Amino acid sequence: MSDIAKLQIGENSYEFPLIKGTENEVAIDVKTLRNATNGVITIDPGYKNTGSCVSGITFLDGEKGILRYRGYSIEELAEKADFLEVAYLLIFGNLPTSEQLEKFHSDIKSNSVVDDDVKKIVDAFPKTAHPMGVLSSLTSALTAFNPSSVDVDSEEDMYNSVVKIMGKFPVLVAWTMRKKQGLPLNYGSKNLGYVENIMKMMFEQPNEDYVINPIIKNALDKLLILHADHEQNCSTSTVRIAGSSHVGLFASLSTGISALWGPLHGGANQAVLEMLEAIRQDGGDTKKYMAKAKDKSDPFRLMGFGHRVYKNFDPRAKIIKKAAEEVLNDLGINDPILEIAKGLSEEALSDPYFVDRKLYPNVDFYSGIIYRAMGIPVEMFTVMFALGRLPGWIAQWKEMRTNKEPIGRPRQIYNGENLRSFIPLDKR
Ligand code: ACO
């Protein structure tokens, strides 16, 4: 293949270099297009064909169902690593040595206290507030309590802001849930691991010692790893584009949380469980809901199905399906929702509508079943996703700032009124 792309516009022809990634993905580099063509731009709503950056963090091949963080397959990481190791890998590029991991964890623990005044903000939210809105606000508010700006050229500065947010974010996550449940806002313990501390902070009752259930701990570790990064998805692109204005890390992360909240993105895990529950309450007739999903006059979509990038099985869904079965089995829970999920998935995988459109179960199809078995309220599911995605957002923000990427500012084609004269109010 030649390493240039040719473009013909009317009489004029232009050449643009091709960029090839380490996995042989090819892009046309159109950086010079607008200048060379005197104002012509590309248009691509939803960025289905547009690369926004060159990144060395996550590789995914949607056709083949491959997902790798920094070169390691998601299957191997989910089986052999823990969440903190994966966080380190994503953010700093390599798996940590035991000394690096120990230091990382110890620095995170030293930073896992939140200014007590943040509790006043938590208290000011109504109990009915959705936890994603609360989490986004609290994350943004962290900037006010930790105002020092980060010198992105200083590795030490970068490292300090990473351990700060890795320490404080789980506290905020736990507080959003406990506020809704009327439980005291608590802290973790220096003696526990990162994921164990998350569990303690979320589930500890004021009148009893919290005992870690290893089945739940392992499942949570796996879920967080599977959600940790997914290259340039909606929330990550939001974090990168907000950060490209040089706003700080915490403010950038808070925009990502808002983007993740939507039901077409991270909010799908809540929507899936609500859908499965509605089907159960309606008598469990999966065929009725399959028909609704295929009916173009019905806005209903089969939540947890389809993906912008995966046109094959989402590799994370395969791992989660197995984990969901194991967790329910190990905990001795017989959840009818799992049977409905399996039924829907089997029907969809042999239905021409879904097969032709390459719609497969995505990561969110089974994750809610595990969260439910863990005793996590449905409204917190997307918050759990945010907790897992945190290292990915941090890694992508850090990469964008370290690479000195320009401010994100897309162009548009204007298609509105041409110049017209103002008509005074009394003449309209
Ligand atoms: N149920 C029924 N039909 C669907 C579904 C679905 N879940 N998903 C896509 N389709 C259909 C569309 O109606 C469209 O059909 P058409 O070609 O006849 O018009 C075709 O499949 C392509 O769909 P698009 O919406 O164009 O695909 P896109 O890549 O823009 O959207 C998305 C991907 C948003 C994930 C979509 O599949 C969806 O809404 N899924 C349900 C929500 C969901 O599970 N989101 C979580 C995604 S994973 C994540 O963010 C972590």
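Welcome to this structure, where helix α9 passes helix α14 in a left-handed crossing (left-handed if the near helix is turned anticlockwise from the far one by less than a right angle, right-handed if clockwise). The model is predicted, so local features need pLDDT of at least 70 and side-chain atom pairs count only at pLDDT 80 or more, while totals for chains, interfaces and linings use all residues. Residues are numbered from 1 along each chain as its sequence is written, and side-chain values use heavy atoms, leaving out hydrogens and water.

- Two packed helices are described by the angle between their axes and the distance between the axes.
- α9 and α14 pack at about 165 degrees, with axes 11 Å apart (axes are lines fitted to C-alpha atoms, for helices over the stretch in contact, and angles run from 0 to 180 degrees between N-to-C directions).
- That angle makes α9 roughly antiparallel to α14 (over 145 degrees counts as roughly antiparallel, under 35 as roughly parallel).
- Helix α9 (residues 214–227) also packs against α17, at an angle of about 150 degrees and with the axes 11 Å apart.
- This makes α9 roughly antiparallel to α17, and their crossing is left-handed.
- Helix α14 (residues 315–330) and helix α17 (residues 364–374) have axes that come within 8 Å and cross at roughly 25 degrees.
- Those two, α14 and α17, are therefore roughly parallel, and their crossing is left-handed.
- Helices here are DSSP runs (H or I, at least four residues), numbered from the N terminus.

**Around the ligand**

- Of the 22 residues around the ligand, Arg 301, Leu 302, Gly 304, Arg 308 and Tyr 353 come nearest (near means one heavy atom within 4 Å).
- The shell divides into 11 nonpolar, five polar and six charged residues (Ala, Val, Leu, Ile, Met, Phe, Trp, Tyr, Cys and Pro count as nonpolar, Asp, Glu, Lys and Arg as charged, and the others, Gly among them, as polar).
- A polar side-chain atom of Tyr 353 lies 2.9 Å from a nitrogen atom of the ligand.
- In the side chain of Lys 296, an N or O atom is 2.9 Å from a ligand oxygen atom.

Definitions and conventions
A polar contact is a pair of N or O atoms within 3.5 Å; within protein, one must be able to donate a hydrogen and the other to accept it, and residues adjacent in sequence count only if both atoms are side-chain atoms. Angles under 35 degrees count as roughly parallel, over 145 as roughly antiparallel, 65 to 115 as roughly perpendicular and the rest as oblique.
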